[in-house]
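I opened this model to look up its folds, sheets and ring contacts. My entries follow, in the order I checked things.

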Amino acid sequence: MKRLVRASFLSASLVALMGHASLAQAQTPLPADAWPQRPIRMVVPFPPGGGTDAVARALGQKLSSRLGTPVVIDNKPGAATIIGTEAVVRAEPDGYTLLVSGSTSYTVNPALRSKLPYDPARDLVAVATVARAPLVLVVSASSPYKDLNALIAAAKAAPKSIHYATFGSGSGPHLAGTLLEQAAGIRLQDVPYRGSSQSLMALIGGEIQLGIDTVAAAAPQIKAGKLRALAIAGKSRSSMLPGVPTVEELKLPDAVFDAWYAIAAPARTPQTVIRKLVAEVEAVTRDSGLQEQMRAQGMEPVHLGPAATRAVIDDEIGRYRALAHRAQIVVE
């Protein structure tokens, strides 16, 4: 009887030890070469067909080839990118769910919205900035304003006489327009539209006097002779519109507004996975084919690693928060 009890005890102890070993093994971070072992989901918080979607699909295709696993694009639009971003924040931090979004998700929302259901700085880890989407200031081809200085002079002479298009309070064009107002010492009147096609047609038709939109959206109308480009809102010129000066070149550095796209992962994603992901994304963004593909869509390919991306995010949140306070921009 004692021999049976002793055998049972030894068996139970062995099972317990094996259980502890299995638990310890499960809690040990996977080595970098073990990831990925299944499809990766890239969440895009915009509908299909837009700039962010195009960036994600181009990146996903290249990453899939390098990693040897499918990269699936999951469009989750709505609530100014909050729905899609929150889906990533709440996902398992295992490297299989990533966020590809514009600066709205990373800087504009946390700067202007006090009731986000997450904190991007705490709940997301930046992987890389992969492209810029420069905004361009445009007027109708029949407009009397031949350059930005002429428009500014007219706005100073008659405050709020120049109406410009936005996509609502706190949108990129709204912030860019507000920065221009403060940098140039003028007062403009913002007019909300539902999207680029509607606002650019209103500009061509004379309903408004100024448009602030992405180069990708405005370039076809500029090249068709229906719109005139006055300035690029960012720090660098656009390769699609190389002859158009930047606001910084026009002595308005405080009017700079750069829109950009970045990849992020949920916080607590294993560092081994993050390091491999950072290396693979960098390799992809150096690909000349991908760069040409982005330029053809009015974007400027760039590569900023995690630290540089984090620095940009911190700087822009502070800058836009201060801008919203000065201009009394309220976003619910």
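**Entry 1: helix 7**

Helices (H or I, at least four residues) and strands (E, at least two) are DSSP runs, numbered from the N terminus. I am working on a predicted model, where local features need pLDDT of at least 70, side-chain atom pairs count only at pLDDT 80 or more, and totals for chains, interfaces and linings use all residues. Residues are numbered from 1 along each chain as its sequence is written, and side-chain values use heavy atoms, with hydrogens and water left out.

I then took the length of helix 7 (residues 172–184). Its 13 residues reach 18 Å from the first C-alpha to the last, close to the 18 Å expected at 1.5 Å a residue. The expected span is 1.5 Å times one less than the number of residues.

Next I checked burial. Buried means under 20% relative accessible area, exposed over 50%, partly exposed in between (1.4 Å probe, protein chains only).

**Entry 2: rings**

I searched the whole structure for aromatic pairs and found three. Rings of Phe, Tyr and Trp (its six-membered ring) pair if their centres lie within 6.5 Å; planes under 30 degrees apart count as stacked, over 60 as edge-to-face and the rest as tilted. I looked at Tyr106 and Trp260: the ring centres are 5.7 Å apart and the planes at 10°, so this pair is stacked. Tyr106 belongs to helix 4 (residues 103–112) and Trp260 to strand 10 (residues 260–266), so the pair ties together parts that are 154 residues apart in sequence. Both Tyr106 and Trp260 are buried.

I also looked for a charge over a ring (NZ of Lys or CZ of Arg within 6 Å of the ring centre and within 35 degrees of the ring normal). Arg38 has its charged end over the ring of Tyr96, 3.9 Å from the centre.

I traced an open sheet of six strands, in the order 2-1-3-10-4-11, with mixed pairing. Two strands pair if DSSP finds at least two bridges between them. Strand 2 (71–75) and strand 11 (300–304) are the edge strands, each pairing on one side only. On average, neighbouring strands here are turned by 25° against each other, direction ignored. Axes are lines fitted to C-alpha atoms, for helices over the stretch in contact, and angles run from 0 to 180 degrees between N-to-C directions.

Strand 1 (residues 40–44) and strand 3 (residues 97–102) run parallel, joined by three bridges. Val43 has Leu99 of strand 3 as its bridge partner. Helix 10 (residues 271–285) packs on this sheet and touches strand 3, strand 4 (124–132), strand 10 and strand 11. I call it contact when heavy atoms are within 4.5 Å. The direction of helix 10 makes about 0° with that of strand 4.

I found another open sheet, order 8-5-9, with antiparallel pairing. Strand 8 (211–214) and strand 9 (227–232) stand at its edges with a single partner strand each, so one side of each is left without a neighbour in the sheet. Four bridges join strand 5 (residues 135–140) to strand 8. Leu137 stands opposite Ile212 in strand 8.
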